[in-house]
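Here is a guided look at a protein model.

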Amino acid sequence: MSIAFPVPDEAVLARRDEIIAGLARLVHPEALIVTEDERRAFETDALTAYRRMPLAVVLPSTTEEVSAVLRFCHEHGVKVVPRGAGTSLAGGAIPQEDAIILGVAKMNRMIAVDFMNRTARVQSGITNLAISQAVAHEGFFYAPDPSSQLACTIAGNIAMNSGGAHCLKYGVTTNNLLGVTLVLLDGTVVQIGGEHLDSEGYDLLGLVCGSEGQLGVVTEAVVRILRAAEGARPALMGFDSVEDAGACVAAIIGAGIIPVALEYMDRPAIKICEAFAHAGYPLDVEAMLIIEVEGSDEEIDDMLGRIVEIAKPFNPRAVKVAASEAEAAAIWKGRKSAFGATGRISDYICMDGTIPTGQLPHVLSRIDEIVKGYGLGVANVFHAGDGNLHPLVLFDINKPGEMEKAEAAGEDILRLCVEVGGCLTGEHGVGIEKRDLMRCQFTDEDLHQQMRVRGVFDPAWLMNPAKVFPLDGRVA
Amino acid sequence: MTLHTPTTEPEACQVVADAAGRRTPLTLQGGGTKTDLGRPAQAEANLSSAGLTGVTLYEPAELVIGARAGTPLREVVATLAERGQELSFEPMDHRVLLGTTGEPTIGAVAAGNISGPRRILSGAARDSLIGVRFVNGRAEAIKSGGRVMKNVTGLDLVKLMAGSWGTLGFLTEVTFKVQPRPERIATLSLPGLSDARAVEALCTAAASPFEVTGAAHLPGERTLIRIEGFSTAIDYRLGQLRRVLKGFGTPDVIEGEAAADLWRGIRDGAPLAEPRDRAVWRISTAPTMGPGLVEAIAGALDARWYYDWSGGLIWLSTPATGDAGAAAIRAAVARAGGHATLIRAPMEVRAAVDVFQPLSEPLMRVSMGIKASLDPAGVFNPGRMHAGV
């Protein structure tokens, strides 16, 4: 338990009844959760090792209610932790005792779909997958697809600028977002962007996206929907060495092919996923790539043919092109269940650094050394095309000290990512998890500048205040 | 007017420190090809990136290029072309419309968020911009983002710098994600469509699975739909698009230099470059709102126009007298949704009307706050976008 939380403000805790009474005047009774039993469901997110009981939980149904609650918190100096579905792996939605949770999960409607303009206007509590499902009958989809897409909300996606397996081609949330309705801390409701391209004035849409709930609360969003390709098919290839797999990725991209997905798994990950999904993964290779391309059948054949040809100098083994829907689904089932399958055999923490892809062999061998140095294991699953690593550091929570060792190994891995020219987090966000590492990547001047921009929206540090920036040395 | 041309980032910090200390405004400049875009700024000195040049990083296999801000765009484009790559967002060249000389710089492409026709598929400059270094108004060298394309570490100041037109900081280095150049480019050309039918055709094509990379309509001339990719895929997609568009007529296919010229012209505002005494506006709206928006403006003004971005980008020229049509255009945009920027007009017009889209009161308040957080002494291009920022 190495991540610190700020000391709760006693004065706020002492005013709890008064604060709850104030909130009760602003929202529908069902929107306010105060009992300990019910609040417990909100005490953590997907970073489950850390828990804090929130002061109260408010789940508004309208932008007006969100506005009223924020204005109240602003006027009464109450901290606010915004929450979507609570699937943050970085602890972005973890509460603190002197803060209320402001959740958008009840605001989950699709408001309007416009296929001609290729946009969807949604309430922000809608799940990521529900957007794609609502437009699928016309052959459309919403591109960013984080692994948690069944549960995670678009509000959370915007807060963390979420990615997914297909962002090499389609980009991340910020590249697929056209507009938001943002409620500022003082209750002001602002519209940024809309159904058109490029928001006017400064790019506040880009600033809000990835701001981890510190600038305001998004209640509606306009997102780009895309017409899906006619088809998609994955192929898998095994390699005898990390170097070969890495060089193959570079050669594919160097040849002008941008696969829609380019996923990498190492030997331990292959073994874990194969045991779970029976996907037909080769068990005798050091590394495996899943390469997916899109288009008509002919285009796919052509592209996969080119890729197989490009791969030849790197001695691929067990090349397997999915010949049917079922085979394609099996190949993806293994990859998509990587986190779940790993969870069945071990406790783990999932890291999320990004590296320049040219550094892949060096970084993977260093990760191995780091983890072994702590007496732990690691399985690597990640997006090879964009260098976004997801080392799963394996440990046993029942062995005293192992979790701390895993956290320390994770930190060392992230420092390594920064050292080789990458970053601390590619798609999960900083949250509390990477907050205290921010000085590895940024100078004090860099961080102060970010905090000063943040301060325009929240000078008193009421919005999700324990996150992103180190707790000491804060400015507004 | 003093001209500062620092050759290193610390020198640039020194120039800014002096200016901030004396509260004397600086105009920020790259190649000077867009100097006449924006509200006229009052400044005693000019801070140029002309001394900060050179590609600093290019990894074709990682799809990334970095360059000092004053590097000519031409040099970046040529470096990429050697390895069969390009900037995906197809930045426009303002010299055609503005009649300026000099070389556009890669830093100004970032600062102005300058995109072209492929924006509808591949995003704007800001979507490809993955890292910046800049000097803020405190004379500190600041970095945001980096050289990897997936990065959510900290507040995304990269986006804030993109499209801030030099009002928030002096860019010293920018890093972009790049893409492979397509093996083949083909354009379908449909004759004789009204604006409304043309936009319908463009939206139909853009909503097909065939990855349209350009969708423009030149009224009275033709409607253009561009696809790019591997040669075999292009053959197939041309056939499929013909089928999808059969209700709109029989298209010709144009390829090669003639088609490239056509798209370059659309990118650069060439159809409206002459006569040079007319004002030129750039309007972004939802594509299907485009024709109605134009109709409303044309009913009130002597307007000429064409469409890019599937109908969602309207280039429109008006007589450069009075408010250059600002009142009518702003009213029509307010009804349709979107924003309008006065790209070309005489200085007295740009001094008298809003050049950039006026902001709502709360957004203006936030923008002024952001300006103050980055440039507390107000030395960078003061008032270029809006009075007060």
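**Where the chains meet**

B:K150 forms a salt bridge with A:E427, with 2.7 Å between the closest N and O atoms. A salt bridge here is a side-chain nitrogen of Lys or Arg within 4 Å of a carboxyl oxygen of Asp or Glu. The rule finds nine salt bridges across the interface of chain A and chain B.

This is a predicted model: local features need pLDDT of at least 70, side-chain atom pairs count only at pLDDT 80 or more, and totals for chains, interfaces and linings use all residues. Residues are numbered from 1 along each chain as its sequence is written, chains are lettered from A in the order in which they are written, and side-chain values use heavy atoms, leaving out hydrogens and water.

How many residues of each chain are in contact? In chain A, 87 residues touch 75 residues of chain B (contact means heavy atoms within 4.5 Å). The two chains bury about 6500 Å² between them, 60% of it on carbon and sulfur atoms. Buried area is the accessible area (1.4 Å probe) that two parts lose on being put together, summed over both.

**Aromatic pairs**

The whole structure holds nine aromatic pairs over all chains. Rings of Phe, Tyr and Trp (its six-membered ring) pair if their centres lie within 6.5 Å; planes under 30 degrees apart are stacked, over 60 edge-to-face, the rest tilted. A:F115 and A:F140 form a tilted pair, 5.0 Å centre to centre, with 55° between the planes.
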